[in-house]
Amino acid sequence: MNVEGPSVEAQTGEARDRAAGFVPPVRVKWDYSRAELIADGIVHALGLKLALIGVVLITLWAAERAGALEMTGLLVYCFGLVTVLTVSAIYNLYPASRTKWILRRFDHSAIYILIAGTYTAFLTQVDAAHAAPLLVILWGAAATGVTLKLVFPGRWDRGAILLYLAMGWSGVLGGEEIIAALTPTTLWLIVIGGAIYMAGIVFHLWETLRFHNAVWHAFVLVASACFYFAVLDAMVLAKS
């Protein structure tokens, strides 16, 4: 009989966090195996590399066709894309600690910035009278989400998912002006990307599935690619 209790290597979940000197104030799954962390790291590295290449290319291509307002919207989108992938990589691969708990706030907050930033790029294709109210609503929702994540970490996680989805579908479901201004290709890419995000949430919540975090982030990567090509179509290809 082992009278000394389980080793640190055998501990999981809260026990492992406690051994590291920190227990998250809410239940958070951080006890991933080495193989799971490597898989997640590969997905993040691939995503960040492709994003960096992608934002450089789309900026160069758009600069030949877009005006100052459109370029501003595009740069906001590019900033959101690179930020969310960078912060996600740092947070998910950082060891369990108080610092990781702080990084979690910024990881979840960055998603709001990306969603609002993506629609900012699309809204540059809409006349100002219709675009301005939608921008106020989207960035107001993003500011609310970021505030809740930073001030009340871990307390509104399920509600945050609903807010993410509401913001993500707001342009297609509630913005007739956006639908009229964008090409069918752009709209289909937005719908497909949104559907992939929603499918990925199943794996995000399926914590008992091994490699669930890497699978979730793979879905995010594919969905992000759909939105990237949607922005590319709206701001470059449709103007060619």
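Helices here are DSSP runs of H or I at least four residues long, and strands are runs of E at least two long, numbered from the N terminus. The expected span of a helix is 1.5 Å times one less than its number of residues. Every view below comes from a predicted model, in which local features need pLDDT of at least 70 and side-chain atom pairs count only at pLDDT 80 or more, while totals for chains, interfaces and linings use all residues. Residues are numbered from 1 along each chain as its sequence is written, and side-chain values use heavy atoms, with hydrogens and water left out.

**View 1. Helix α8 from end to end.** Let's start with helix α8, which covers residues 184–205. Its 22 residues reach 32 Å from the first C-alpha to the last, close to the 32 Å expected at 1.5 Å a residue. As a reminder, an α-helix has 3.6 residues a turn, so residues three or four places apart point the same way.

**View 2. The whole protein.** Stepping back, the protein has 9 helices and 0 strands, which gives the pattern α-α-α-α-α-α-α-α-α along the sequence. Of its 240 residues, 45% count as buried. Contact here means heavy atoms within 4.5 Å. Among contacts between residues at least 6 apart in sequence, 72% join residues at least 24 apart. The accessible surface, from the Shrake-Rupley method with a 1.4 Å probe and, for residues, only the protein chains shown as cover, comes to about 12400 Å². Carbon and sulfur atoms account for 71% of that surface.

View 3. Helix α2 runs over residues 34–63, and its 30 residues should span 44 Å at 1.5 Å a residue; the end C-alpha atoms are 43 Å apart, which agrees. Its buried residues include Glu36, Asp40 and His44, together with glycines such as Gly41, Gly47 and Gly54. What do the buried residues of α2 pack against? Their partners are α3 (68–93) and α9.

View 4. Rings of Phe, Tyr and Trp (its six-membered ring) pair if their centres lie within 6.5 Å; planes under 30 degrees apart count as stacked, over 60 as edge-to-face and the rest as tilted. By this rule the count comes to 6 aromatic pairs. Phe203 and Phe219 form a stacked pair, 5.2 Å centre to centre with 25° between the planes. Phe203 lies in helix α8 and Phe219 in helix α9 (residues 212–235), so the pair ties together parts that are 16 residues apart in sequence. Tyr228 is buried at 12%, whereas Phe229 is partly exposed at 45%. Ring pairs also link Phe203, Trp206 and Phe219 into a cluster.

**View 5. A nonpolar surface patch.** Patches are made of residues with over 30% relative accessible area and no salt bridge; like charges are joined within 9 Å, nonpolar side chains (Val, Leu, Ile, Met, Phe, Trp, Tyr) within 5 Å. Here Ile102, Phe106, Leu148, Leu150, Val151, Phe152 and Trp156 make a nonpolar patch of about 610 Å². The elements that give two or more residues to the patch are α4 (98–123) and α5 (128–151), and the largest share, 3 residues, comes from α5. Ile102 sits in helix α4 and is partly exposed at 43%. Ile102 and Pro153 are 51 residues apart in sequence, yet 8.6 Å apart in space, C-alpha to C-alpha.

View 6. Not counting residues up to four places away in sequence, Ser109 touches Val146, Lys149 and Leu150.

**View 7. Two salt bridges.** A salt bridge is a side-chain nitrogen of Lys or Arg within 4 Å of a carboxyl oxygen of Asp or Glu, and the whole structure has 2 of them. Asp31 and Lys29 meet at 3.6 Å, N to O, and Asp31 counts as buried at 19%. Arg65 and Glu64 meet at 3.7 Å, N to O; Arg65 is partly exposed at 33%, while Glu64 counts as exposed at 64%.

Methods
Buried means under 20% relative accessible area, exposed over 50%, partly exposed in between (1.4 Å probe, protein chains only).
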